[in-house]
Amino acid sequence: MATSWGRNTRPAPRPERPLVLYFGDLDRSGSLDLLLVQRDARLDGLYPLQRLPRLLAAMPFLGQRVGSFSDFASATVQELFGEALTSAGRLEVNTYEHTLFLNRGDHFEAVPLPVEAQLAPAFYVGIADFDGDGNEDVFLSQNFFPTEIGAPRYDGGRGLWLRGDGTGGLVAVPGQESGIRVYGDGRGAALGDFDGDARVDLAVAQNGAATRLFRNVGATPGLRVRLVGPAGNPRGIGAWVRLVFPDGAGPVREITAGSGYWSVDSAVPVLGGTARATAVRVRWPGGPEVEVPIPEGAIEVTVRYGSERSR
């Protein structure tokens with residue numbers, strides 16, 4: 001899963017109108033210059049996205065090449081910068097969409113997230129089973145207020161829960177159903193069962209505003225899996241955890257030391273869809289893979305490195 005700016009921004013890149021960034025010493029002053037451009041069908045070429053006064057302040061030599069705003073509006077970047085562009089670096093982007101990349105074995109299939117996710121930038125993306133149905137869901141922390149001069153703040157989001165169907169499909173959950181309301185400048189977030197009821201709770205940080213904590217009260221309770229790792233890695237960072245069913249295994253959850261923008265999820269994951277589960281499978285980093293039976297009625301299992309004891 002890769003987050004970006006979404007579609008509700010300006011200028012919005014598209015495959016037929018990509019954004020291009022030139023970087024180099026464009027005015028031969030010995031310092032690095034940045035130039036953002038986009039294709040204009042009217043000019044049949046690339047044109048600068050910065051306004052003329054800002055470009056003149058950074059690169060005064062342009063005043064010798066354009067005598068008026070009209071001249072500037074009719075000039076391509078090739079006409080403005082000439083040979084300086086040939087020695088400059090070039091980067092190109094043709095989409096700002098938040099995208100899910102599905103691993104198909106020999107390639108990744110890019111699938112844009114639903115339109116509700118594209119209404120605002122997103123910094124944090126978290127994966128968990130929020131409703132306890134056994135399928136992995138997604139949370140996006142949204143919005144971005146400190147935009148560049150002349151651009152409105154991007155505030156079209158409120159934090160978004162995307163419900164997964166277990167096959168790669170995602171559907172946006174309306175705010176009145178999810179209960180998530182973060183209208184500020186969302187940044188990092190973290191997932192964890194803070195009240196110990198075997199449901200995934202959510203903490204969301206904001207830039208310049210209070211951190212919000214959302215207690216999950218509607219999910220089907222799952223199974224908390226607590227790892228006790230070897231010396232030097234007591235929380236089992238890097239381990240893979242999944243449920244085992246009579247007909248296969250559930251999705252993999254990895255224990256990480258960082259999980260997003262300045263944030264880290266709990267090292268005690270909650271796995272959903274436990275009604276049919278028979279065991280928990282753990283693959284230790286660089287070590288063995290073990291299965292631990294789930295006691296009847298248990299909401300937490302502890303797996304120790306080098307042992308199959310559970311409680």
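Tutor: Let us begin with a definition: two strands count as paired if DSSP finds at least two bridges between them. The model is predicted.

Student: In what order do the four strands form the open sheet?

Tutor: In general, the strands of a sheet pair through backbone hydrogen bonds, either parallel or antiparallel. Here the order is β3-β2-β1-β4, with antiparallel pairing. At the edges lie β3 (45–48) and β4, each of which pairs on one side only. On average, neighbouring strands of this sheet are turned by 30° against each other, direction ignored.

Student: Over how many bridges do strands β1 and β2 pair?

Tutor: Strand β1 (residues 19–24) pairs with strand β2 (residues 33–40) over six bridges, in the antiparallel sense. Within these strands, Phe23 stands opposite Leu34 of β2.

Student: Which residues of the largest nonpolar core touch the most other members?

Tutor: In soluble globular proteins, nonpolar side chains tend to be buried together. The largest nonpolar core here has 20 residues, and those that touch the most other members are Tyr22, Leu26, Leu35, Val37, Val77, Leu80 and Phe81. Two or more residues come from each of β1, β2, α1 (52–58) and α3 (77–81). The most, three residues, come from α3.

Student: Which residues form a nonpolar patch on the surface?

Tutor: Phe23, Leu32, Leu34 and Leu91 form such a patch, with about 400 Å² of accessible area together. Leu91 is placed in strand β4 (residues 89–93).

Student: Does Leu91 count as buried or exposed?

Tutor: Leu91 counts as exposed because its relative accessibility is 51%, and the cut-off for exposed is over 50%.

Technical notes. Residues are numbered from 1 along each chain as its sequence is written. This is a predicted model: local features need pLDDT of at least 70, side-chain atom pairs count only at pLDDT 80 or more; totals for chains, interfaces and linings use all residues. Side-chain values use heavy atoms; hydrogens and water are left out. Patches are made of residues with over 30% relative accessible area and no salt bridge: like charges are joined within 9 Å, nonpolar side chains (Val, Leu, Ile, Met, Phe, Trp, Tyr) within 5 Å. Accessible areas come from the Shrake-Rupley method with a 1.4 Å probe; for residues, only the protein chains shown count as cover. A salt bridge is a side-chain nitrogen of Lys or Arg within 4 Å of a carboxyl oxygen of Asp or Glu. Buried means under 20% relative accessible area, exposed over 50%, partly exposed in between (1.4 Å probe, protein chains only). Axes are lines fitted to C-alpha atoms, for helices over the stretch in contact, and angles run from 0 to 180 degrees between N-to-C directions. A nonpolar core is a set of buried Ala, Val, Leu, Ile, Met, Phe, Trp, Tyr and Cys residues joined through side-chain atoms within 4.5 Å.
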